[in-house]
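Subject: Structure handover

Hello,

Here is the structure to take over. My notes follow below it.

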Amino acid sequence: LRVHSRICNIKIAIVVGLKNYLSEWELIELQKFIRYENIRLILIESTHKPPIADEKTWIIDKDKCIIAP
């Protein structure tokens, strides 16, 4: 993420299914890193997972309606 952000000057990353592969500790460390690097991260998950600290969550149904968490 750091290299991609600096070379391409991109401050937003979108990742699909990341919570299926990282532990809670790894997600917390990633969260610290993206704050330090000032990168915005959008996670798209297929199932609802408990949010990590300071994580904003939205649920979007099949009709593209946003359900308040």
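In these notes, buried means under 20% relative accessible area, exposed means over 50%, and partly exposed lies in between, with a 1.4 Å probe and protein chains only. W25 is exposed, because its relative accessible area is 59%.

Two points on the source. This is a predicted model, in which local features need pLDDT of at least 70 and side-chain atom pairs count only at pLDDT 80 or more, while totals for chains, interfaces and linings use all residues. Residues are numbered from 1 along each chain as its sequence is written, and side-chain values use heavy atoms, with hydrogens and water left out.

Overall layout

The protein chain has 2 helices and 4 strands. Both are DSSP runs numbered from the N terminus: helices are H or I with at least four residues, strands are E with at least two. From the N terminus on, the order is α-β-α-β-β-β. The C-alpha atoms fill a box of roughly 35 × 25 × 20 Å, taken along the principal axes.

Of the 69 residues of the protein chain, 17% count as buried. The accessible surface of the chain is about 5,800 Å². Carbon and sulfur atoms hold 59% of that surface. Areas come from the Shrake-Rupley method with a 1.4 Å probe; for residues, only the protein chains shown count as cover.

Contact means heavy atoms within 4.5 Å. Among contacts between residues at least 6 apart in sequence, 63% join residues at least 24 apart.

Core

Which residues make up the largest nonpolar core? They are L18, L27, L30, I34, I39 and I52, 6 residues in all. Such a core is a set of buried Ala, Val, Leu, Ile, Met, Phe, Trp, Tyr and Cys residues joined through side-chain atoms within 4.5 Å.

Two members in detail. L18 touches L27, L30, L43 and E45, not counting residues up to four places away in sequence. I39 lies in the loop between α2 and β2. I39 counts as buried because its relative accessibility is 5%. Leaving aside neighbours within four places in sequence, I39 is in contact with L1, S5, K11, A13 and I34. I39 and L22 are 17 residues apart in sequence and 18 Å apart in space, C-alpha to C-alpha.

Q31 lies in helix α2. Q31 is buried, because its relative accessible area is 14%. Q31 touches I52, A53, D54 and E55, with residues up to four places away in sequence not counted.

W25 is found in helix α2 too. W25 and K11 are 14 residues apart in sequence and 23 Å apart in space, C-alpha to C-alpha.

E37 lies in the loop between α2 (24-36) and β2 (40-44). Is E37 buried or exposed? E37 counts as buried, because its relative accessibility is 10%. Apart from neighbours within four places in sequence, E37 is in contact with R2, R6 and K11.

Positive phi

Most residues other than glycine have a negative phi. Please look at N38 and K64 here. N38 is not a glycine, yet has a positive phi of about 55°. N38 lies in the loop between α2 and β2. Phi of K64, also a residue other than glycine, is positive and near 65°. K64 sits in the loop between β3 and β4 (66-67). K64 counts as exposed because its relative accessibility is 72%.

Largest pocket

The largest pocket holds about 1,000 Å³ of space. Its lining has 26 residues, and the closest to the pocket centre are L41, I42, L43, E55 and K56. On a 1 Å grid over the protein atoms alone, a pocket is an open set of points where a 1.4 Å probe fits, with protein on both sides within 12 Å along at least five of seven lines; lining residues have an atom within 4 Å of a point. Grid points are joined across faces, edges and corners, and the volume is the space filled by probe spheres set on the points.

α2, β2 and β3 (59-60) each supply at least two residues of the lining. By class, the lining has 12 nonpolar, 6 polar and 8 charged residues. Ala, Val, Leu, Ile, Met, Phe, Trp, Tyr, Cys and Pro count as nonpolar, Asp, Glu, Lys and Arg as charged, and the others, Gly among them, as polar.

K56 lies in the loop between β2 and β3. K56 is exposed, because its relative accessible area is 67%. K56 and I42 are 14 residues apart in sequence and 9.8 Å apart in space, C-alpha to C-alpha.

Best wishes
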